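Visitor: I would like to learn how to read a structure feature by feature, beginning with the general idea and then turning to the case at hand. Could you take me through one in that way?

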Amino acid sequence: SYMSLPKEGSPNIDVPVLYISVSLPGVSALDSERLMVKPLEAELRGIDHLKSMTGIASQSHAGLLIEFEFDWDKQATLADVRERVSQAQAEFPSDAEEPTINEINLSEFPILVVSLSGGVPERTLLNLAKDLQRSIEASPQVLEAKLTGHREEMLEVLIDPLKLESYNVTAQELRTVIDRNNQLVAAGDIESETAAFSVSVPGSFKDARDVYNLPVKVNGYRVIRLGDVTEVRRTFEDAEGEARYNGKGSISLQ
């Protein structure tokens, strides 16, 4: 009804729903219910204007969806919920993460969703989506165009244990070299009688060849580089979500 309602501007509707989320890596759904969901339910059961409460227990996560009557006092209710969640937190396992309280805000939902799909490589589709994203966000009427269903590119370094052994290089040495590089180091200032100049050492990677040629160790007159003991290749991060158009994978701009 809200989406089909004729309107000149989007009304700011306070939806009386809050979602409390707690993460605990590795906990089972059964233990999540016993150790986190039930303490939350016990503390929040008697809160004012409560309409319904739904506990959600899953692997590594606990959640509580609470709905209030529409005559709720939002600010007072939020303060009361935060206090009760803090009391329930005392019963959580010590390694549980900090609980978060999320509001349902209709103004954050996308007004329009554009889906890109086709028989092209994933990298090509991602580049096209980013070009379209920049074009859409350049419009003064658009607040944000968010990409979903895509995977960010990354460089993957595969270590060859036999080569490490033959060059007498350890895996820790490789990690140290990579951690200490790809940085822009500020080296201070140079002052003269007429001007002052800032000096920096540019060490940022620009492409995969910079990573491949990264020096690891000096063996006599030879420099052992990262590419000598590893395979460096372009790939994608693990997917955190997906978008589909007519059953096929796509990238969406919301």
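Guide: What follows takes up a sheet and its helices, then salt bridges, a surface patch and some backbone angles. Please keep in mind throughout that this is a predicted model.

Visitor: How should I begin with a sheet, and in which order do the four strands of the open sheet stand?

Guide: The general idea is that strands of a sheet pair through backbone hydrogen bonds, in either a parallel or an antiparallel sense. In this structure four strands make an open sheet, ordered β2-β3-β1-β4, with antiparallel pairing. The edges are held by β2 and β4 (100-105), each of which has a single partner strand, so one side of each has no neighbour in the sheet. On average, and with direction ignored, neighbouring strands of this sheet are turned by 20 degrees against each other.

Visitor: How many bridges join β2 and β3, and which residue stands opposite M53?

Guide: Eight bridges join β2 and β3, which pair in the antiparallel sense, and within that pairing M53 faces I66 in β3. The two strands form a hairpin with two residues between them, where S60 adopts a positive phi near 70 degrees.

Visitor: Which strands do the helices α1 and α2 lie across?

Guide: Helix α1 lies across β1, β2 and β3, and runs at about 160 degrees to β2. Helix α2 (residues 74-89) lies across β1, β3 and β4, and its angle to β4 is about 155 degrees.

Visitor: Is S32 buried or exposed, and what does S32 touch?

Guide: S32 lies in helix α1 and is buried, because its relative accessible area is 0%, which falls under the 20% limit used for that word. Leaving aside residues up to four places away in sequence, S32 touches V27, V37, A57, S58, H61 and A62.

Visitor: How do I read salt bridges, and how many does a search of the whole structure find?

Guide: The idea is to look for a side-chain nitrogen of Lys or Arg within 4 Å of a carboxyl oxygen of Asp or Glu, and a search of the whole structure on that basis finds 12 salt bridges. One of them joins the side chains of D31 and R34, with an N to O distance of 3.1 Å. Both residues belong to helix α1 (residues 29-44) and are three residues apart, about one turn of the helix; D31 itself is partly exposed, at a relative accessible area of 28%.

Visitor: Which elements hold K51 and E67, and what is the N to O distance of their salt bridge?

Guide: The side chains of K51 and E67 meet in a salt bridge of 3.7 Å, N to O. This pair links distant parts of the chain, with K51 in strand β2 (residues 50-58) and E67 in strand β3 (residues 61-68), 16 residues apart. K51 counts as exposed at 52% relative accessibility, while E67 counts as partly exposed at 26%.

Visitor: Which parts of the chain does the salt bridge of R234 and E153 tie together?

Guide: In this salt bridge the closest N and O atoms of R234 and E153 are 2.8 Å apart. R234 lies in strand β12 (residues 230-236) and E153 in strand β7 (residues 153-159), so the pair ties together parts that are 81 residues apart in sequence. E153 counts as partly exposed, at 30% relative accessibility, and a network of salt bridges links R123, E153 and R234.

Visitor: Which residues make the nonpolar surface patch?

Guide: I190, F197 and V199 make a nonpolar surface patch of about 270 Å². Of these, V199 is found in strand β9 (residues 196-202) and is partly exposed, with a relative accessible area of 30%.

Conventions. Residues numbered from 1 in each chain as written. Predicted model: local features only at pLDDT ≥ 70, side-chain atom pairs only at ≥ 80, totals over all residues. Heavy atoms only, no water. Buried < 20%, exposed > 50% of the residue type's maximum accessible area, 1.4 Å probe, protein only. Pairing = 2+ DSSP bridges. Axes fitted to C-alpha atoms, helices over the stretch in contact; angles between N-to-C directions. Contact = heavy atoms within 4.5 Å. Patch = residues over 30% accessible without salt bridge, like charges linked within 9 Å, V, L, I, M, F, W, Y side chains within 5 Å. Areas by Shrake-Rupley, 256 points an atom, 1.4 Å probe, with all protein chains shown as cover.
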